[in-house]
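Have a look at the sequence and the model first.

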Amino acid sequence: MSGKNISFWLNGLVEKMKRLPRLTWRKIWKVGKEDKRRVIHSLKMGISLTLVSLLYLMEPLFKGIGENAIWAVMTVVVVLEFTAGATLYKGLNRGLGTILAGSLAFLIEYIARESDHIFHAVFIGTAVFLVGAAATYMRFFPHIKKNYDYGVVIFLLTFNLITVSSYRIDSVLKIAHERFYTIAIGCGICLLMSLLVFPIWSGEDLHLSTVAKFEGLAKSIEACIDEYFSDNEEQEKARENSIEMEDPIYKGYKAALDSKSADEALALYASWEPRYLRRCSKYPWQQYVKLGSVLRHFGYTLVALHGCLQTEIKTPRSVRVLFKDPCSRLAREVTKALRELGDSIRNRRKYSPEILSNNVHEALQDLINALKSQPKLFLGTNSNTNILLALATLAAKQKSGKDFVVSLSRVNTDKSNDGPARLGLGHDFLKEDDKRSLRPTLSKIGITSLEFLEALPFAAFASLLVETVARLDLVVEEVVELGRVAHFKEYSHDDDNVVIDVICENNSRVEDEIVSKLQNQLPSHAAAE
């Protein structure tokens with residue numbers, strides 16, 4: 001490497017080092033800005049570690065507990081979690097596992113102490129084998145694995161440490177006492193910091209994340225409709241070239257699709273929290289998990305709907321514009337229903353399915369009527385139907401792995417007097433011997449030249465839009481069930497509120513919606529006066 005290259009490399013390294021503090025500060029600021037509770041949790045962890053360190057730093061406390069004070073520090077590091085429910089789960093499991101393991105170890109030590117040295121060793125080995133095998137087998141029980149798996153691990157660790165150590169160390173029982181005290185101190189500090197100092201509740205996180213899923217799904221549907229019926233070609237090209245992670249449609253339904261493990265963990269931790277016991281005997285957190293599962297299936301429909309925007313075969317704008325109004329209205333009613341469902345959960349208010357059902361069904365009927373008004377776009381002529389059947393036969397045989405050909409003489413190409421058939425092949429080519437065959441490698445250009453096939457991508461889009469209505473019924477059922485078992489307050493017309501999302505890129509549409517809503521409200525106000 002020449003001196004010039006070395007100098008250039010050093011200059012680049014110096015520039016990177018100069019930017020490093022600024023980039024590091026931006027990253028730290030971004031993480032804290034996304035969720036300010038992260039800063040609070042970090043401070044709580046620092047305070048907790050400082051308090052348990054006093055067991056080592058202060059001479060009177062160190063003399064009373066001894067070197068086992070380090071177990072208090074380890075307990076704080078392991079037990080103190082972000083939410084109060086997770087801390088309770090780990091703290092109580094650790095305490096329960098330690099108490100059971102210590103009690104059983106003391107019993108075994110009392111029995112083995114009265115025997116000779118050889119029997120003592122055999123008895124300890126047998127006890128370790130039986131207890132270890134039994135405890136490990138119990139971890140496979142679904143209820144224990146879900147709620148007490150961490151406690152069983154602590155039980156095995158503590159039991160083996162005390163039991164095996166007692167064979168060589170005479171003062172092991174004293175050490176076990178001191179270790180138990182330090183663990184209790186560590187768990188107590190963790191529980192106090194989690195429950196009393198700016199507590200972060202798992203149940204509240206699960207509740208708010210469920211509400212956010214409704215809003216995300218609603219935004220995805222709106223973005224799908226806006227992009228599908230967009231008249232701007234440059235916007236479509238930009239969408240096709242955009243990265244999936246930056247796509248607003250993807251961001252909308254991503255939270256619903258990736259929430260399974262997070263929902264289950266939050267529901268588990270929330271079941272340990274005492275916050276909601278005043279409302280009912282046991283808050284139905286598992287109903288939130290069921291609702292999240294239904295929302296995931298709703299999200300799968302939006303994934304397919306999103307895929308219709310990225311198909312290779314495009315439906316002409318002249319066809320799409322025929323159905324823009326009914327599709328937009330149906331999507332608007334579905335998003336309105338989703339937002340109303342989210343608001344009912346946010347306010348812990350029961351949802352009345354009759355509120356929006358009529359509007360959704362009317363919008364759905366309008367779309368169906370619009371589709372029926374253009375039957376030729378989707379059914380085509382008999383010749384087109386024959387061609388479609390021939391193409392389907394080709395695809396089926398291709399899957400079977402057979403080398404085959406289909407004679408053009410078996411396909412009615414519906415040739416006109418002046419031009420070639422609709423397959424996009426030359427007229428001279430079609431007049432050649434019938435031995436010419438249609439290969440499975442039929443080009444996309446040949447398929448898209450069929451008029452009725454141009455409308456098929458829209459047919460898929462419309463069918464998926466109708467599927468969202470069917471999925472919405474399932475979501476409504478789960479929300480109603482959640483309101484019933486969670487004892488939400490009864491629905492009242494005074495709780496109705498109109499949620500308006502101001503979208504800067506589409507101000508005219510928002511203004512029209514505001515005007516129409518105000519016009520609908522004026523008669524009721526006039527009647528009241």
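Which ring does the charged end of Lys-90 sit over? That ring belongs to Tyr-150, with the charged end 5.5 Å from the ring centre. For a charge to sit over a ring, NZ of Lys or CZ of Arg has to be within 6 Å of the ring centre and within 35 degrees of the ring normal.

This is a predicted model, so local features need pLDDT of at least 70 and side-chain atom pairs count only at pLDDT 80 or more, while totals for chains, interfaces and linings use all residues. Residues are numbered from 1 along each chain as its sequence is written, and side-chain values use heavy atoms, with hydrogens and water left out.

**Ring pairs**
- Rings of Phe, Tyr and Trp (its six-membered ring) pair if their centres lie within 6.5 Å; planes under 30 degrees apart are stacked, over 60 edge-to-face, and the rest tilted.
- The count by this rule is 17 aromatic pairs.
- One of them, Tyr-89 with Trp-272, is edge-to-face, at 5.8 Å centre to centre and 75° between the planes.
- Tyr-89 and Trp-272 are both buried (under 20% relative accessible area, 1.4 Å probe, protein chains only).
- Phe-155 and Phe-159 make a stacked pair because their planes are at 15°, with ring centres 6.1 Å apart.
- Phe-155 and Phe-159 are both buried too.

**Cluster and another charge**
- Tyr-228, Phe-229, Phe-323, Phe-458 and Phe-461 form one aromatic cluster.
- Over the face of Tyr-228 lies Arg-320, 5.4 Å from the ring centre.

Definitions and conventions. Buried < 20%, exposed > 50% of the residue type's maximum accessible area, 1.4 Å probe, protein only.
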